Number of protein chains: 2
Amino acid sequence: MAAERLVVIGGDAAGMSAASQARRLKGPEELEIVAFERSGFTSFSACGIPYWVGGEVPERDDLIARTPEEHRERDIDLRMRTEVTEIDVAGQRVRARDLESGAEAWTPYDKLVVATGARPIRPRLPGIDAAGVHGVQTLDDGQALIGTLERTEGRHAVIVGAGYIGVEMAEALLHRGYEVTVLTRGEQPMTTLDPDMGALVHEAMDTMGITTVTGAEVTKILTGEEGRVRAVATDEAEYPADVVVLGIGVEPATTLARAAGLPLGEYGGILTDLSMRVRGHENIWAGGDCVEVLDLVSGRERHIALGTHANKHGQIIGSNIGGGYGTFPGVVGTAVSKVCDLEIARTGLREKEARAAGLQFVTATIQSTNSAGYYPGAALMTVKMLAERRTGRLLGVQIVGHEGSAKRVDIAAVALTAGMTVEQMTALDLGYAPPFSPVWDPILVAARKATTAVRST
Amino acid sequence: MAAERLVVIGGDAAGMSAASQARRLKGPEELEIVAFERSGFTSFSACGIPYWVGGEVPERDDLIARTPEEHRERDIDLRMRTEVTEIDVAGQRVRARDLESGAEAWTPYDKLVVATGARPIRPRLPGIDAAGVHGVQTLDDGQALIGTLERTEGRHAVIVGAGYIGVEMAEALLHRGYEVTVLTRGEQPMTTLDPDMGALVHEAMDTMGITTVTGAEVTKILTGEEGRVRAVATDEAEYPADVVVLGIGVEPATTLARAAGLPLGEYGGILTDLSMRVRGHENIWAGGDCVEVLDLVSGRERHIALGTHANKHGQIIGSNIGGGYGTFPGVVGTAVSKVCDLEIARTGLREKEARAAGLQFVTATIQSTNSAGYYPGAALMTVKMLAERRTGRLLGVQIVGHEGSAKRVDIAAVALTAGMTVEQMTALDLGYAPPFSPVWDPILVAARKATTAVRST
């Protein structure tokens, strides 16, 4: 019997995890694996780019989890700098172009994995392509940005967007000695939080010396000598800029999938079943930043580009292709970040999302210390909790605070997954010792207050 | 209608939380509250004593959450230095002795809360009462120990017992410049962990310069000048000691309850129902370190002396007495601690406990970093997971490692409460960003390995 051929489009987290896991379960005599990657890198940590740019991670290669050579040693036929330009679903083949030579060829597949990732949203603005304007999605992007930082004598950095990437890049450029201005359309920075929690981030960023301009609609990138960026204009003002970083967010890179007729969701991501198989396609799987995932709290699909999901998807796809079994039940929307020493976390739904899902809810916000109040270095954290009206089911948690704040959100992530009520949460047996928690953990304090709020509904 | 009278025995966490919560719900016209406390302190953090002794918490009073005066301001008739010597259940009254005057009197009650706490286990050894031998259960104990430390010129400290108190006191005395020797009967320090995990603590303590002697049976305290301690003898050796700290553990202080015929469990703790009412007694509640609690994993009662449980008990008792409603469903056995920069955590059952509960299980142990491997300061943690054979239900987790290790156990604590399998845990949506976690959180890595182990059973 001839070996089956698995073709993988995309050599980053989801694609290469799928390839590696399939290879673990089936040897080359049973399964041939061909993977196409457009760039010069495989399996790298995009989430680590801000720390490389900021100088905390010394080398680009530190961000590479596995090199092309390492993948090839595992009998994966990896074609680097080769872009897939068409999926022929009926013919079970993909057309790929060697980006060096320009040569194109069809490769037939028995099974296909689509892991084309996400692309940064780049607003169509005058000057957006000027020298000194950078995205931070790929290692090449990061290298180009570092090049600009090393070359410019300037001291003004403008960051467009105040989501995770935006605030992390603000920290990175602050570390490199820039005066940093963050422009956001939103009412507050961190639009993944409710505005009342975003306001805490805003305040803290002020203290760090980061200027945040809210309600700012960028209209134009202004250029100067040699076409280099010199300022960013909004409808109200101009902000001098020697370097501009775009951190507006990403969207699923699904041009190829759309052209091939694969089913896409509301956010343009590929729709899969629980085994990560593309809906309606027996032999095509998709995972990572190019798919939509089920939000277990709202019951609807969302698009979340995050390495941890991509790795899980790849693992599951590889298992299923390799004859094992695995499913991805969905997400609860957990995300953590930091800007300097301020930790930021969320899970579940924030107010706007809960309303959009048709849910009625109560909220409770509390302030607590991260450790026993008397313990040296005890610092504040604010926890906001949403619970469904009447049932008291936990809907979401947001945390802003100092050391020990961010990963506390995991408690709520597990409780959401388990469908707990906030009253059930008040009885949770969480770790207590003075260096780690007050005798009532902040999550318990929030759950108690939310329980009281639920009773009044 | 005359007010009902609530009598509370014990002025620490459980007793005063119960009194305060009852008072919140019922004013003095409805409910009179009389509380008896034997010592000179109320509502203090015994868990904080090691940090006070070590000098990190500057003042004794920092450990007092609420003073007698603060309680009295809330219309609680608090009788300090007054010891209850008898509970007359049939007569619904308690007899109390004023420790200053020696006067005794009966106080009738309509409702009674027993919150008599725990007492340190003091082995009956020759020399145990010598000057320089200290327990660390009460603020008076802590003050006496600090007195000894300030007076002695010595440099040798011996700690008997290597549980939480033992290792925390080892850190405290190390901070104060002592050469510290820890003697434990156990195979490894931290007998609340399996020996393989305890061995990691042992190694780390060696590195910190703390000498740990395992399998050491203390036979005698040797005294010198003026009857002061000079050494601790085991069956095999003598260890010079200018100060000795007993950290062997505690047992429920239930002499009073036993004499009154209240039901006690296997460990000598009072047995209650889910509302914290003493079994078989309509108008008596008990909580805190003097009760046994249901272990939700093994299905059996345990004795766990921990401030966080005591506070919850008090809250629930006060609610129920005040006409509200609350229950304490049980614990999963979570405990966290640290010795210097080594964090130690457990939840659920360790191997010995799982076997004693009649459970068959698999184990999985993994090593991971606390943050992305490339992030500066990434440090190691070891996670051990127990899962039930065949069903794969999570049974327990133990963690030993550096920053960010201890509170990760909360993820497992919630998963245990929810009855999750280790395979369900592999899909948990835990917070990921390079400063906080590798792309696969250590708990997910352990869950994946445990899942594989379950499949082979």
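In this predicted model, helices H1 and H8 of chain B are roughly parallel to each other, because their axes cross at roughly 30 degrees and angles under 35 degrees count as roughly parallel. The axes come within 7 Å, where axes are lines fitted to C-alpha atoms over the stretch in contact and angles run from 0 to 180 degrees between N-to-C directions. Helices (H or I, at least four residues) and strands (E, at least two) are DSSP runs numbered from the N terminus.

Residues are numbered from 1 along each chain as written, and chains are lettered from A and ligands numbered from 1 in written order. As the model is predicted, local features need pLDDT of at least 70 and side-chain atom pairs pLDDT 80 or more, whereas totals for chains, interfaces and linings use all residues.

Residues of H1(B), including B:Ala14 and B:Leu25, meet residues of H8(B), among them B:Ala310 and B:Ile321; contact requires C-beta atoms, placed from the backbone, within 7 Å.

Chain B also holds an open sheet of five strands, paired in parallel in the order E9-E16-E10-E11-E12; pairing requires at least two DSSP bridges. Its edge strands, E9(B) and E12(B), each pair on one side only.

| Edge strand | Residues |
|---|---|
| E9(B) | 133-134 |
| E12(B) | 211-213 |

Helix H5 of chain B (residues 164-175) packs on this sheet and touches E10, E11 and E16 of chain B. The direction of H5(B) makes about 170 degrees with that of E11(B).

Two bridges join E9(B) to E16(B), and B:His134 stands opposite B:Val245 of E16(B).

Note on methods: Two residues are in contact if their C-beta atoms, placed from the backbone, lie within 7 Å. Angles under 35 degrees count as roughly parallel, over 145 as roughly antiparallel, 65 to 115 as roughly perpendicular and the rest as oblique.
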